Amino acid sequence: IRVQTSLSNVEQIINKIRLFLLIAGLWGLGVLIVISGVATHFLTRTLRSLAKRVSRFGSKNSLSHDEISDLSLSFDNIKKDLTETLTSLSRERDRFETVLEGMVEAVFALDDQGRVTLVNQAVAELLEEPDLVIGRNFKDVIGGPEIAELVDNAIAGGEGTKQFDLTASPKKIRVLARVSALKSGGCVAVLHDISDIHRLEEMRREFVANVSHELRTPVSVIMANAETLLDEGACDSTKPHPLMDALHRNAKRLTETISELLALSRLDAGAYITDMQMLHLESEIVNHVEAVRLASKRTKQINIEVSPDLQIVADKHALSRIISNIISNAVKYTSFDSDIVVRAQRQKDLVIIEVEDNGPGIAPQHHELIFDRFHRAVKSSDQTIGGTGLGLAIVSSYLEVMNGHITLKSAKPKGAIFTIVLPAFPMGK
Ligand code: ADP
C-alpha cells in the first residue's frame, strides 16, 4: 500500500510543534523566574532576620544590604566578644584561685546537701587526709554538734560563727568556724586555726586569776588595818586624816577590783555552778532598788513597772548581781534629779528586763565595747565617779551562764537603756 502526502503538510505540523515547544519553554521560564524570585525573597528575609538577630546578640548595629557579609561580620563580632569574655573569666578565675590558695584559713565550698565540692590548700593543715574530703558530708568530716548547727543554719540561708576544738585532727586544734549561705545555693565554711590565740587567752586568764588570788590576802589586811585606824580615830580628830582616808578608799577599791576579777575568773573557768530556782521577779527588783538606794546615799526617783505575778527561773545570786549592777550604774552615772525606770515583761518564752535612765547616756562608739573588761565610757582620770570597768563584763558573763544576753541602746532624748533578755524557763519547765 502506498500512502502519499504533500511535504508542506509535514512541515506545517513540524512548525506547529516548534511553536508549541517555544511557547511552553517561554512559559516554563516565566514560571521559573517567578518561583525563584519568591524563593529569593523568602531566603533574603530569613537571612536578614538571622543577621539582625546575630548582630543584636553581638551588640553591633551595622547592617548593610548584603546579608551574607552582615552575617559574617556579626559572627566576627560575637567571636571577639566571646574571646574577651573568656579572657576576663579566666583572669577572674586565676585571681580567685590565687586568693583562695593564699589564704591561711581552710575554706570548704559545700553544695545544698552539705557535701564538700571544693577545698583550698590550707585544709591540709587541719585534716589528715584532705584529698578524701571532696564529695563527703562536711558535718561528718569535721564532727561535733557546733559544725552541724552552723551548716544546718547556713543551708537554711543564714550564717554563723562558733569556736570549738577540732576532733577530726589528732593535734589539739581550736578553730573559729564561720559558715555562710551562698546566693546560688550551698554554702561556704571558713575554718581559722586559733589555737595560739586560745592558748594565750587561757594563759592570760590563769595569770589574772593567780595574781588576784595572791593579792587578795595582803589587800584585805591593808583594808582591815585602814578601817581599824579610821574607827579608832588614829588621827586624834573628828575628821579623818586625808592620808588615812585615801588609804582606806584605795584599799576598798583594790578589794573590789580583786573580788570582781576573781568572780570573772570563776565564770571564765566554768567553775560557777548555777542554782536555778523559781523567783518572783518584782520582789527581787524591789529589794535591789532599795539596797541600791540605801548604798548610794543619793535620793533618786526609781519607778518599777513590773507585773506582780511575773515569775522567772534563774540563779538567785547571778540575777541579783545583774540587776543590782545595772540599777546602781543608772544611779551612779546620772544626776540627782534624773529619773530611772525598771520594767520587766514576759514575751513568749523570754523575760525582758529594761533599765532606762535619762542621764547623760553612753556615746554610740562605746556601745559595742562597754561589756568588755575594764572599758569605761567616763575618762579614767575622772576620779569623782569610782569604778573598775568590770561590772558590765561580769553581768554579761552571768547572763551567758543562764543563756541570756544584754544589749545597750540610747534613750530618747537622752539617757541609756540596758535590756536584759533571759529565758523564762531555761530548764524547759
Ligand atoms: P564601772 O561602773 O565600775 O566603771 P561598769 O562595767 O559597770 O564599770 O560600767 C562600764 C562603764 O559604762 C562605766 O564606766 C560608765 O562609763 C558606763 N555606764 C554604765 N552604765 C551607765 C549609765 N547608766 N549611764 C552612763 N554611763 C554608764
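Predicted model: local features only at pLDDT ≥ 70, side-chain atom pairs only at ≥ 80, totals over all residues.
On the α8 side it involves L281, E284, I285, H288, V289, V292 and S296, which meet K316, L319, S320, I323, S324, I327, S328 and V331 in α9; contact here means heavy atoms within 4.5 Å. Residues are numbered from 1 along each chain as its sequence is written, and side-chain values use heavy atoms, with hydrogens and water left out.

Helix α8 covers residues 281-296 and helix α9 residues 316-332; their axes come within 9 Å and cross at roughly 45°. That makes α8 oblique to α9. Angles under 35 degrees count as roughly parallel, over 145 as roughly antiparallel, 65 to 115 as roughly perpendicular, and the rest as oblique. Axes are lines fitted to C-alpha atoms, for helices over the stretch in contact, and angles run from 0 to 180 degrees between N-to-C directions. Helices are DSSP runs of H or I with at least four residues, strands are runs of E with at least two, and both are numbered from the N terminus.

The crossing of α8 and α9 is right-handed. A crossing is right-handed if the near helix is turned clockwise from the far one by less than a right angle, and left-handed if anticlockwise. The contact residues of α8 and α9 comprise eight nonpolar, five polar and two charged. In this scheme Ala, Val, Leu, Ile, Met, Phe, Trp, Tyr, Cys and Pro count as nonpolar, Asp, Glu, Lys and Arg as charged, and the others, Gly among them, as polar.

I turn next to helix α7. Helix α6, residues 195-231, packs against α7 at an angle of about 150°, with the axes 8 Å apart. The two are therefore roughly antiparallel, and their crossing is left-handed. Their contact residues divide into 16 nonpolar, five polar and five charged.

Helix α7, residues 242-268, also meets helix α10, residues 391-401; these axes come within 10 Å and cross at roughly 25°. Helices α7 and α10 are therefore roughly parallel, and this crossing too is left-handed. From α7 the contact draws on E260, A263, L264 and L267, and from α10 on G391, A393, I394, S397, Y398 and V401.

Which residues are closest to the ligand? They are N329, Y333, R376, T388 and L392, among 20 residues that surround the ligand, each having a heavy atom within 4 Å of it. The side chain of Y333 places an N or O atom 2.6 Å from a ligand oxygen. Backbone N or O atoms contribute as well: one of G389 lies 3.0 Å from an oxygen atom of the ligand, and one of G391 lies 3.2 Å from a ligand oxygen.

Two loops deserve mention. In the loop between β11 (405-410) and β12 (416-423) we find P413, joined to K412 by a cis peptide bond with omega about 0°. K348, in the loop between β9 (339-347) and β10 (350-357), has a positive phi of about 55° although it is not a glycine.

Finally, E159 belongs to strand β3, residues 159-165. Its C-alpha is 6.2 Å from that of A181, 22 residues away in sequence.

Conventions
Polar contact = N/O pair within 3.5 Å; in protein donor to acceptor, adjacent residues only side chain to side chain.
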